[in-house]
Amino acid sequence: MLTAPQDSDDSLRPDRVEDYFRDGAAPVEALLWWQLERQDALQIALRALFQGPAGLTRLRLWVFFELMALRESRLTREALNQAFHVLRDEVLDSALKRLREADLLSWDATSQTYAVTPLAQQLVGLLQPLTQEQAPDGDLASLLAGVAGAHQLGTLQPAQLQHLLAQLSRLYDEFADAIASGSEFALRRARTRFEKALTLVDRAGEALGAIIAQAESAGEARLERLARELGLAQARLLAMASQFNRALQQADRQRVTLGSTGITTTDVRRWLQSQGDLAALLNGAWERPVHPVLVAQRDLVDTAEAEFERDRPKPAEAAALPQGQAAPTGELAVMQLPPDMDQMQALLTAWAGDPVERDLTPAILGGSYARAAYRAQLLPLLGDAQARHLKGATGDMARQPWSVRWSAEQGPVDDEFVKWMSRGVLTPESSSQ
């Protein structure tokens, strides 16, 4: 008779869980151990689903998820047979029996119906990642989503922040190893994942700030401490961006260009990585024998001398500096103010001999519309206290003994370029005072 060898783990398996520990007692004072003890029913349900071969486990999970997706609160056996018509009857009976034993499905003998238990509703949330497509950064995304969602629902636990903090620390060490390796390809792969992780952490930054504020107001010291440590871990990741840039720049400086072809060592490596079978590149290479070329020493010397003499560039002949030349005559252009300011100055000085109120029209109009607009812009200088202390034409204009007073009335004027303008007068300073 043949006997299958006993598993080494089974031979060491004790009868009580306390026998696994050196002191013969479970760590009941540990918070995590206490939390696991409270979830004993959930652990039994998980063992019921995952116990056995891989194919049978997948079948139970499929039946479990399909049951949880049914909208009816009470399910008859006919409804289950219709929902799982692809399964054989005995297989469906076995799966339903396992779910009933794990308290995931209840049977009402009075109404002859099945119902989903609260434990099953709790378990489906735990197993939901099995039905989702796993992204390269799905581990960090699921942890961040769990923390942000639990914060919104008010069910956040310190253990969730602890797991997220541990994952950020592992990512930091992974990125630091890629930077220390100096490999261009390792840096680029790590840089892509780093940018995705940084984007996820940035999106959760607002939630982390709210967690810190809420924990501080609620007086939860441990939750506040973990949230602040998460903020520090996020800052460490942000500071690593400059390290990636410096490492990539160093890798770029070490890249070698092969001749004048423009092909670099990076291009060659990428091409080699794209080949499925590198050994196939040597096919036929060993079939070509080496043909040695024997040349005498005198032939080599004669050839080298001929090539040297032919390729030697001729030195440029020394040329004298050109003779000096006289600079061409020119005129120094000096910016001058338009003559309208001097003309207005002369007009105002002439009017100062007879200090009476004057109409603005003779002082503004004349010449063209542009010149009239320029004269109108000069009028605010009259009586300007700050401009009186300036030197030059602007100061002289401000020191004129006149002040301008515009009126709200408007009307036509007799001018070739201006047809309509506001009314105004020039008043002597003695009269205005």
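**Close-up 1. Helix 15 and helix 17 lie oblique to each other in this predicted model.** Look for helix 15 at residues 339-352 and helix 17 at residues 369-378. On the helix 15 side you will find D340, M341, Q343 and M344, which meet R371, Y374, R375 and L378 of helix 17. Sorted by class, the residues of this contact are 4 nonpolar, 1 polar and 3 charged.

**Close-up 2. Helix 4 crosses helix 6 at roughly 75°.** Here we move to another part of the chain. Helix 4 covers residues 54-69, and helix 6 covers residues 89-101. The axes of the two come within 10 Å, and their crossing angle makes helix 4 roughly perpendicular to helix 6.

Close-up 3. Helix 7 spans residues 118-126, and its axis comes within 11 Å of that of helix 4. The two axes cross at roughly 110°, so helix 4 and helix 7 are roughly perpendicular to each other. In this view, F64, F65 and M68 of helix 4 touch A120, Q121, L123 and V124 of helix 7. The contact has 6 nonpolar residues, 1 polar residue and no charged ones.

**Close-up 4. W62 and F84 form an edge-to-face aromatic pair.** The model has 4 aromatic pairs, by the rule used here. In the pair of W62 and F84, the ring centres are 5.6 Å apart and the planes stand at 80° to each other. W62 sits in helix 4, while F84 belongs to the loop between helix 5 (77-83) and helix 6, so this pair ties together parts that are 22 residues apart in sequence.

**Close-up 5. Residues 1-11 have pLDDT below 50.** For the protein, the mean pLDDT is 76, and 84% of the residues reach 70 or more. Over residues 1-11, the model shows 1 contact beyond near neighbours in sequence.

Technical notes. Residues numbered from 1 in each chain as written. Predicted model: local features only at pLDDT ≥ 70, side-chain atom pairs only at ≥ 80, totals over all residues. Heavy atoms only, no water. pLDDT = per-residue confidence, 0-100. Contact = heavy atoms within 4.5 Å. Axes fitted to C-alpha atoms, helices over the stretch in contact; angles between N-to-C directions. Helix = DSSP H or I, 4+ residues; strand = E, 2+ residues; numbered from the N terminus. Parallel < 35°, antiparallel > 145°, perpendicular 65-115°, else oblique. Nonpolar A, V, L, I, M, F, W, Y, C, P; charged D, E, K, R; others polar. Phe/Tyr/Trp six-rings, centres within 6.5 Å; stacked < 30°, edge-to-face > 60°.
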